[in-house]
Amino acid sequence: MVLDSACVFCAIVNGGISADVVYRDENILAFNDVDPQAPTHVLIVPTLHVENSAQLALISPTTTAQLFTVAAHIAAQRGLTGFRTVFNTGAEAGQSVFHAHLHLLGGRRLAWPPG
Ligand code: AMP
């Protein structure tokens, strides 16, 4: 587990900042977004500090795939019949925390295209 001391999601991974954790294994932590945009809004993050989804895919395709497996697992647990998974990659795309994270959104009708 490689952590960045300045990173808020690393602080959640190591327990320095509390979060509403819904899933945890050796490589992945999932917790409720503090500012939910849907009834289900979970952030699924690698425990490894990697800046964004593109870097994560290069460094660990296996962990990248596991993020989606965990999203499907949480969605199934909650009985979601449809859900959205989103990586914001880069500030222009809306990324505000530079530790790769997959948003899992569901529990309401989701519009397309996104804003
Ligand atoms: P993004 O804009 O794609 O980088 O997403 C970052 C997300 O992290 C936003 O949806 C924030 O609401 C969420 N967030 C920031 N800090 C925390 C925190 N301490 N606990 C839970 N969610 C957080």
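1. Which residue has a side-chain N or O atom 2.5 Å from an oxygen atom of the ligand? That residue is Asp-33. Please keep in mind while reading that this is a predicted model.

2. The backbone takes part as well. A polar backbone atom of Gly-94 is 2.8 Å from an oxygen atom of the ligand, and for Ser-96 a backbone N or O atom lies 2.7 Å from a ligand oxygen. On its own the ligand has 510 Å² of accessible area, and the protein covers 81% of that.

3. Now for the shell as a whole. The ligand is surrounded by 15 residues, with Asp-33, Asn-88, Gly-94, Ser-96 and His-103 the closest. By class, six of the shell residues are nonpolar, seven polar and two charged.

4. The ligand takes up the space of the second largest pocket, whose volume is about 180 Å³. Its lining has 13 residues, and Phe-9, Ile-12, Phe-31, Asn-32 and Val-34 lie nearest the centre. Helix H1 and strand E2 each give two or more residues to this lining, and H1 gives the most, with three. The lining divides into eight nonpolar, two polar and three charged residues.

5. Finally, the largest pocket has a volume of about 420 Å³. Of its 19 lining residues, Val-86, Asn-88, Ala-93, His-103 and Leu-105 are the closest to the centre. Strands E3 (40-46), E4 (83-86) and E5 (102-106) each supply at least two residues of that lining, which by class has nine nonpolar, eight polar and two charged residues.

Definitions and conventions: Residues are numbered from 1 along each chain as its sequence is written. This is a predicted model: local features need pLDDT of at least 70, side-chain atom pairs count only at pLDDT 80 or more; totals for chains, interfaces and linings use all residues. Side-chain values use heavy atoms; hydrogens and water are left out. A residue is near a molecule or strand if one of its heavy atoms lies within 4 Å of it. A polar contact is a pair of N or O atoms within 3.5 Å; within protein, one must be able to donate a hydrogen and the other to accept it, and residues adjacent in sequence count only if both atoms are side-chain atoms. Accessible areas come from the Shrake-Rupley method with a 1.4 Å probe; for residues, only the protein chains shown count as cover. On a 1 Å grid over the protein atoms alone, a cavity is a set of points where a 1.4 Å probe fits but cannot get out, and a pocket is an open set with protein on both sides within 12 Å along at least five of seven lines; lining residues have an atom within 4 Å of a point. A molecule sits in a cavity or pocket if more than half of its atoms lie within 2 Å of its grid points. Ala, Val, Leu, Ile, Met, Phe, Trp, Tyr, Cys and Pro count as nonpolar, Asp, Glu, Lys and Arg as charged, and the others, Gly among them, as polar. Grid points are joined across faces, edges and corners, and a volume is the space filled by probe spheres set on the points. Helices (H or I, at least four residues) and strands (E, at least two) are DSSP runs, numbered from the N terminus.
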